[in-house]
Amino acid sequence: MHRNIEEILITEEEIRKRVRELSQRISKDYKDRCVTFIGVLKGSFVFLSDILKNLTIDCNVDFIGLSSYEGTKSTGIVRTVLDLKENIQDKDVIIVEDIVDSGLTANYLIHNFRTRRPKSIRICTLLDKPAARKIYVPVKYKGFSIPNKFVVGYGLDYNENYRNLPYIGVLKKSAIKKEDLCQ
Ligand code: IMP
């Protein structure tokens, strides 16, 4: 275990099993269709790549880059820093997130993408923190519900670190900058 991790919440094996199940569900739900997966950068890239490897349907992939976090805190303002390359009009879209926390990001994306008139939009997230929700988000595919703690690994970061950990872990308080701990 990494020296700055307090506790492993979800093991590599648990993630592997759950991601396979989600891929199978999506493949079944969209049988004989082509899905456009939109990965929300950067946190979703590991999850999205594992989802794709287990799919048995055709798909396209695109990415959108958003920013709302500084350290362990959301600024509450979501900004697009990299837009889609593809046109999603009349496409079956699945937005892939690492985690739905306040729900502001997912809500922003749904409203933003609706204006581009896709055939359908659903949300797939590896993690869900229901206790932190500020706005309702219709999550269709969910990996795990977790407590309201700041987690890293499997694509999720703290100030760009820890994305490479193969598990989901809770960061030690001593590894979080002092100013982030003052509330
Ligand atoms: P929301 O807009 O509050 O739902 O937050 C969504 C984004 O915040 C996620 O895509 C993550 O990038 C980031 N985030 C929220 N909680 C965590 C966490 O516990 N660890 C790392 N990133 C997080």
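Helices (H or I, at least four residues) and strands (E, at least two) are DSSP runs, numbered from the N terminus. The structure shown is a predicted model, in which local features need pLDDT of at least 70 and side-chain atom pairs count only at pLDDT 80 or more, whereas totals for chains, interfaces and linings use all residues. Residues are numbered from 1 along each chain as its sequence is written, and side-chain values use heavy atoms, with hydrogens and water left out.

**View 1. Ser102 lies in the loop between E5 and H3.** Ser102 is buried, with a relative accessible area of 10%; buried means under 20% relative accessible area, exposed over 50%, and partly exposed in between (1.4 Å probe, protein chains only). A polar atom of the Ser102 side chain lies 3.2 Å from the backbone nitrogen of Leu104. Such a polar contact is a pair of N or O atoms within 3.5 Å; within protein, one must be able to donate a hydrogen and the other to accept it, and residues adjacent in sequence count only if both atoms are side-chain atoms. Not counting residues up to four places away in sequence, Ser102 touches Ala132, Arg133, Lys134 and Ile135, where contact means heavy atoms within 4.5 Å.

**View 2. The ligand is surrounded by 16 residues.** The closest of these residues are Asp98, Asp101, Ser102, Thr105 and Val151; a residue is near a molecule or strand if one of its heavy atoms lies within 4 Å of it. By class, the shell has seven nonpolar, three polar and six charged residues. In this grouping, Ala, Val, Leu, Ile, Met, Phe, Trp, Tyr, Cys and Pro count as nonpolar, Asp, Glu, Lys and Arg as charged, and the others, Gly among them, as polar.

View 3. On its own the ligand has 490 Å² of accessible area, and the protein covers 92% of it; accessible areas come from the Shrake-Rupley method with a 1.4 Å probe, and for residues only the protein chains shown count as cover. Strand E5 (92-100) and helix H3 (104-114) are the elements that give two or more residues to the shell around the ligand. The most comes from E5, with four residues.

**View 4. An open sheet is formed by three strands in the order E1-E9-E8, with antiparallel pairing.** Strand E1 (5-10) and strand E8 (151-152) are the edge strands, each pairing on one side only. Two strands pair if DSSP finds at least two bridges between them. E1 and E9 run antiparallel and are joined by four bridges, and Glu7 has Val170 in E9 as its bridge partner. E8 and strand E9 (residues 168-171) also run antiparallel, joined by two bridges. Val170 in E9 is the bridge partner of Val151, a residue listed among the closest to the ligand.

**View 5. Ser27 is found in helix H1 (residues 12-29).** Ser27 counts as buried, at 6% relative accessibility. A polar atom of the Ser27 side chain lies 3.1 Å from the backbone nitrogen of Thr56. Leaving aside neighbours within four places in sequence, Ser27 is in contact with Asn54, Leu55, Thr56 and Ile57.

**View 6. The peptide bond that joins Leu41 and Lys42 is cis, with omega of about -5°.** Lys42 is found in the loop between strand E2 (34-41) and helix H2 (45-53). Most residues other than glycine have a negative phi, and most peptide bonds are trans.

View 7. Asp32 is exposed, with a relative accessible area of 71%. Glu160 counts as partly exposed, at 45% relative accessibility.
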